[in-house]
Amino acid sequence: MIISKQDGKLVLVRQDEHATQMGNVSRLWGNEKFQKLANHESVSLGIEKHDSGWKQPDDEILFNEATKRPTNFLEVNLPQHVRFYEIGYRNTLKQDPYAGMMLGMHWIGLYTSRFGYDPTFTYKVSDDLRGFMNDTINTIQKEWVDIKQQFWEARQKRSEFEDEIWMQYEYFQVMDRLGLFMGLNNPKEVNEVTLGPIRMTRESEPVQLTVKSKGNGEILIHPFPFTDEFDTSVPGRKIEDRDYENNLESKEIVEAAEKEEINWRIVAS
């Protein structure tokens, strides 16, 4: 569950619904400056499914005994985190191996400073879990070798093929972080974040996207990477920001809260 504090309330956004939103947003990417990616639909499907393994825990509404509140996604312990992500990864591989690989790269990147793409972020691994995590990271990465062989054509330079994959990975991170920006912030408030680096084309130098919410539900993005301006939303629930007695009470309160659409309009700066 993606949880933020807004106007004295806790706002809860399901992770699978965040992912579905961003899969739809991804399909709107591309214009005269920003090219669509190779295998763009498969990459978009990977984004759409990237948190699908979190459906069951978000149905259960995990409870943090320390905070006496529903568990935020960043508070989930590593063995659970691995288990939830692997469910989505395995299911997506069956549907579309390329989409599954992209989801897997996003997942494993969370434990590896995003493969050096974002050295400021990585999940901390305690000494007692180091072996488990190393085995997980190595095992999953080996699976991508066979998937790549399904899609690489011998007449294409292997270096270009691999570079396309890394461009797609970088793009995946921007989509996820843009979705978190929309899920964690109040459309009525002014906020700003820089996303990237990301390339307009495979041959171009990376750029940073400036993302600003104006406080009126609009998000200005510069440079603008989408086909056109558009509306997007994700469902959220609001509950009191207070101590809850146990998982049962918090689950009943969350389920009783009506879903409200968190609405945004994405416009060019």
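**Sheet, helix packing and cavities of the predicted model**

An open sheet of 7 strands, in the order β1-β2-β8-β9-β7-β6-β5, shows mixed pairing. Two strands are taken to pair if DSSP finds at least two bridges between them. Strands (E, at least two residues) and helices (H or I, at least four) are DSSP runs, numbered from the N terminus. The edges are formed by β1 (2-6) and β5 (190-199), each of which pairs on one side only. On average, neighbouring strands of this sheet are turned by 30° against each other, direction ignored. Axes here are lines fitted to C-alpha atoms, for helices over the stretch in contact, and angles run from 0 to 180 degrees between N-to-C directions.

The structure is a predicted model, in which local features need pLDDT of at least 70 and side-chain atom pairs count only at pLDDT 80 or more, while totals for chains, interfaces and linings use all residues. Residues are numbered from 1 along each chain as its sequence is written, and side-chain values use heavy atoms, with hydrogens and water left out.

Along the sheet, β1 and β2 are antiparallel and share 5 bridges, with Ile3 opposite Leu12 of β2. Pairing of β2 with β8 is also antiparallel, over 4 bridges; here Leu12 stands opposite Arg237 of β8. Strand β8 in turn pairs with β9 (residues 260-268) in the antiparallel sense over 7 bridges, and Thr232 has Trp264 of β9 as its bridge partner. The pairing of β9 with β7 is parallel, through 4 bridges, with Glu218 opposite Arg265 of β9. Strands β6 (residues 206-214) and β7 (residues 218-222) run antiparallel and are joined by 4 bridges, Ser213 standing opposite Ile219 of β7. In the hairpin of β6 and β7, 3 residues lie between the strands, and Gly215 takes a positive phi near 95°.

Helix α1 (residues 15-26) lies across β1, β2 and β8 and runs at about 170° to β8. Contact means heavy atoms within 4.5 Å. Helices α4 (residues 78-95) and α6 (residues 130-151) pack at an angle of about 10°, their axes being 12 Å apart. The helix α4 is therefore roughly parallel to α6; angles under 35 degrees count as roughly parallel, over 145 as roughly antiparallel, 65 to 115 as roughly perpendicular and the rest as oblique. On the α4 side, the contact is made by Leu78, Pro79, Val82, Glu86, Tyr89, Arg90 and Leu93, and on the α6 side by Phe132, Met133, Thr136, Ile140, Glu143, Trp144 and Ile147. This contact of α4 with α6 comprises 10 nonpolar, 1 polar and 3 charged residues. Ala, Val, Leu, Ile, Met, Phe, Trp, Tyr, Cys and Pro count as nonpolar, Asp, Glu, Lys and Arg as charged, and the others, Gly among them, as polar.

The structure holds 3 cavities of 30 Å³ or more. A cavity is a set of points, on a 1 Å grid over the protein atoms alone, where a 1.4 Å probe fits but cannot get out; lining residues have an atom within 4 Å of a point. Grid points are joined across faces, edges and corners, and a volume is the space filled by probe spheres set on the points. The largest cavity has a volume of about 50 Å³. Its lining consists of Met1, Leu12, Val13, Arg14, Glu17, Pro235, Gly236, Arg237, Val254 and Lys259. By class, the lining of the largest cavity has 5 nonpolar, 1 polar and 4 charged residues.

Technical notes:
On a 1 Å grid over the protein atoms alone, a cavity is a set of points where a 1.4 Å probe fits but cannot get out, and a pocket is an open set with protein on both sides within 12 Å along at least five of seven lines; lining residues have an atom within 4 Å of a point.
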